[in-house]
Amino acid sequence: MRSRGRQAGWALACAACLALPPVAGEAEAQIAKFAFGGAKNPAPGAAAAHGRYAAGCLAGGVRLPETGPGWQAMRLSRNRSWGHPDMIAFIERLARKAQAVGWAGLYVGDISQPRGGPMLTGHASHQIGLDVDIWLRRPDSLRLSRARRERISSHSVVARDRLGVNGRWTDSHSRVLEAAARDGAVARIFVNAAIKRRLCEARREGDARWLRKVRPWWGHDTHFHVRLHCPKGERCVAQTPIRPGAGCDKTLAWWFSRAALHPPPPDPKKRRPPLMLADLPRACHAVLRAR
């Protein structure tokens, strides 16, 4: 838990960033997460994703309704339920598909902040409204109160040794992930390597086209992270295309090596400095100041 002094300092920093004068030198001296983390409302105007998934911002963000026909947004106090309209439409589609395979719907985690950008805590990505975390906890109810949504958590579907899935994993998890990956708007889905291994073990002929989108990454044992393609005509930076194949070969095997399962602690000397406003596209300065 942060001290009150630190919280007050962050609040002052955020307030200063949101009142930035139109002077480039002063704006570029600010730490980006303080500026965007302090924005309470979206930037007006047409929707636009600017920059990279881990270094950008969002104009014209749309808030996912707290509760909809097939989903509930979780951790509402974070104010991270904002996304590009393409993302909101995707969540609505996936919720219907999850219901079709027997789930009550979806518990939806973080999308983006109202104006995107770096967050004060947590994610490095989720900056342009095209990333979303979907809980792997199969919903018990879609009538949870705001207070209940702050208290409950998702649960891991990965075994303690991280070599496979545990008893909470069901075939319906596979079908929800497949439905997400088959959506044409989806570029990648990040999951724990044990989940990818399980999907590979159960793959059928012809699955490679969607299965290659499901990528192993550290963590992601309680949720899966969906990333959409950059919308056509917008100035966001697309990722490198995924190699052909299902991704079930030696590249997956590495994730179960000692180096992957027991990585050394990070070197404090190599810690990345925080993103500055100067590191973001120039359009993000306008997004930040828009009223």
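Counting bonded cysteines along the chain, I get the disulfide pattern 1-6, 2-5, 3-4. A disulfide here is a pair of cysteine sulfur atoms within 2.5 Å, and by that rule the count comes to three.

Before going on, a note to myself: this is a predicted model, where local features need pLDDT of at least 70, side-chain atom pairs count only at pLDDT 80 or more, and totals for chains, interfaces and linings use all residues. Residues are numbered from 1 along each chain as its sequence is written, and side-chain values use heavy atoms, with hydrogens and water left out.

**Pair C57 and C284**

I looked up C57 and C284, and their sulfur atoms sit 2.2 Å apart, forming a disulfide. The torsion about the S-S bond is about -95°, so I wrote this one down as left-handed. Where are the two cysteines? C57 is in strand 2 (residues 55-59) and C284 is in helix 11 (residues 282-289), so the link ties together parts that are 227 residues apart in sequence.

Next I checked cover. My terms are buried for under 20% relative accessible area, exposed for over 50%, and partly exposed in between, with a 1.4 Å probe and protein chains only. C57 is buried at 0%, and C284 is buried as well, at 1%.

**Pair C200 and C248**

C200 and C248 form a disulfide with their sulfur atoms 1.9 Å apart. I read -80° about the S-S bond, and this link is left-handed. C200 belongs to helix 7 (residues 193-201), while C248 is in the loop between strand 11 (223-228) and helix 9 (250-253), so the pair ties together parts that are 48 residues apart in sequence. Are these two buried or partly exposed? C200 is buried at 11%, but C248 counts as partly exposed at 24%.

**Pair C230 and C236**

The sulfur atoms of C230 and C236 are 2.3 Å apart, and the two form a disulfide. I found both C230 and C236 buried.

**Strand 8**

Then I turned to strand 8 (residues 131-135). Five of its five residues are buried, so the strand is largely enclosed by the rest of the structure. Which way do the residues point? D131, D133 and W135 point one way, V132 and I134 the other way, and all are buried.

I also looked for a partner. Strand 8 runs antiparallel to strand 11, and five bridges join them; I call two strands paired if DSSP finds at least two bridges between them. V132 stands opposite V226 in strand 11.

**The whole protein**

Last, I stepped back. I count eleven helices and eleven strands. The radius of gyration is 19 Å, close to the 19 Å that the globule rule gives for 291 residues, so the protein is as compact as a globular protein of that length. That radius is taken over C-alpha atoms, and the rule is 2.2 Å times the number of residues to the power 0.38. The C-alpha trace spans about 60 × 45 × 45 Å along its principal axes.

Of the 291 residues, 48% count as buried.

How values were computed. Helices (H or I, at least four residues) and strands (E, at least two) are DSSP runs, numbered from the N terminus.
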